[in-house]
Amino acid sequence: EEVDAALALSRSDFETDVCRTTLNALSEVDVNFLVSMSEDQDKGSSRISDIAARLGVSQDYAQKYRKRLIDAGVIQPAGRGRLSFSVPYLAHYLRTSR
């Protein structure tokens, strides 16, 4: 019971300290990209074409934000045309804090 409580508190602290700080350094479009991406995390990764469709933008436009977020270390390639989060718990934070 105590271990479970400590784990929950640690995760909450991590999400507050790391996830919030990471998002504060990004543009609104960057964050929207990540929110769209977080919808696929039960699958483990997202297709760039799905993200572009959700955002209502061209794949070329989405690729610019993909590159920015990879360069920032927030996401990473996860196979051809696929992306995953580099920051632990960020997808969960995006889904639950909005």
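## A walk through the fold

Let's start where two helices meet: helix 2 and helix 5 pack at an angle of about 95°, their axes 9 Å apart. The axes here are lines fitted to C-alpha atoms, for helices over the stretch in contact, and angles run from 0 to 180 degrees between N-to-C directions. Helix 2 and helix 5 are therefore roughly perpendicular, a label for angles of 65 to 115 degrees (under 35 counts as roughly parallel, over 145 as roughly antiparallel, and the rest as oblique). On the helix 2 side the contact uses V31, L34, V35 and S38, and on the helix 5 side L90, A91, L94 and R95; contact means heavy atoms within 4.5 Å. Helices (H or I, at least four residues) and strands (E, at least two) are DSSP runs, numbered from the N terminus.

A quick word on ground rules. This is a predicted model, so local features need pLDDT of at least 70 and side-chain atom pairs count only at pLDDT 80 or more, while totals for chains, interfaces and linings use all residues. Residues are numbered from 1 along each chain as its sequence is written, and side-chain values use heavy atoms, with hydrogens and water left out.

Back to S38 in helix 2. With a relative accessible area of 2%, S38 is buried (buried is under 20% relative accessible area, exposed over 50%, partly exposed in between, with a 1.4 Å probe and protein chains only). Skipping neighbours within four places in sequence, S38 touches F85, A91, L94 and R95.

Now the strands, which pair if DSSP finds at least two bridges between them. Strand 3 pairs antiparallel with strand 1 (residues 46-47) over two bridges, and R47 sits opposite R82 of strand 3. Strand 2 (residues 75-77) also runs antiparallel to strand 3, with three bridges joining them; there Q76 has S84 as its bridge partner.

Next, the rings. The structure holds two aromatic pairs. Rings of Phe, Tyr and Trp (its six-membered ring) pair if their centres lie within 6.5 Å; planes under 30 degrees apart count as stacked, over 60 as edge-to-face and the rest as tilted. F14 and Y89 are edge-to-face, at 5.9 Å centre to centre with 75° between the planes. Since F14 belongs to helix 1 and Y89 to the loop between strand 3 and helix 5, this pair ties together parts that are 75 residues apart in sequence. F14 is partly exposed at 26%, and Y89 is partly exposed at 41%. Y61 and Y65 form a tilted pair, 5.3 Å centre to centre and 45° between the planes. Being four residues apart in helix 4, they are separated by about one helical turn. Y61 is partly exposed at 34%, whereas Y65 counts as buried at 16%.

Finally, L7 lies in helix 1 and, at 55% relative accessibility, counts as exposed. From L7 to G56 is 49 residues in sequence and 38 Å in space, C-alpha to C-alpha.
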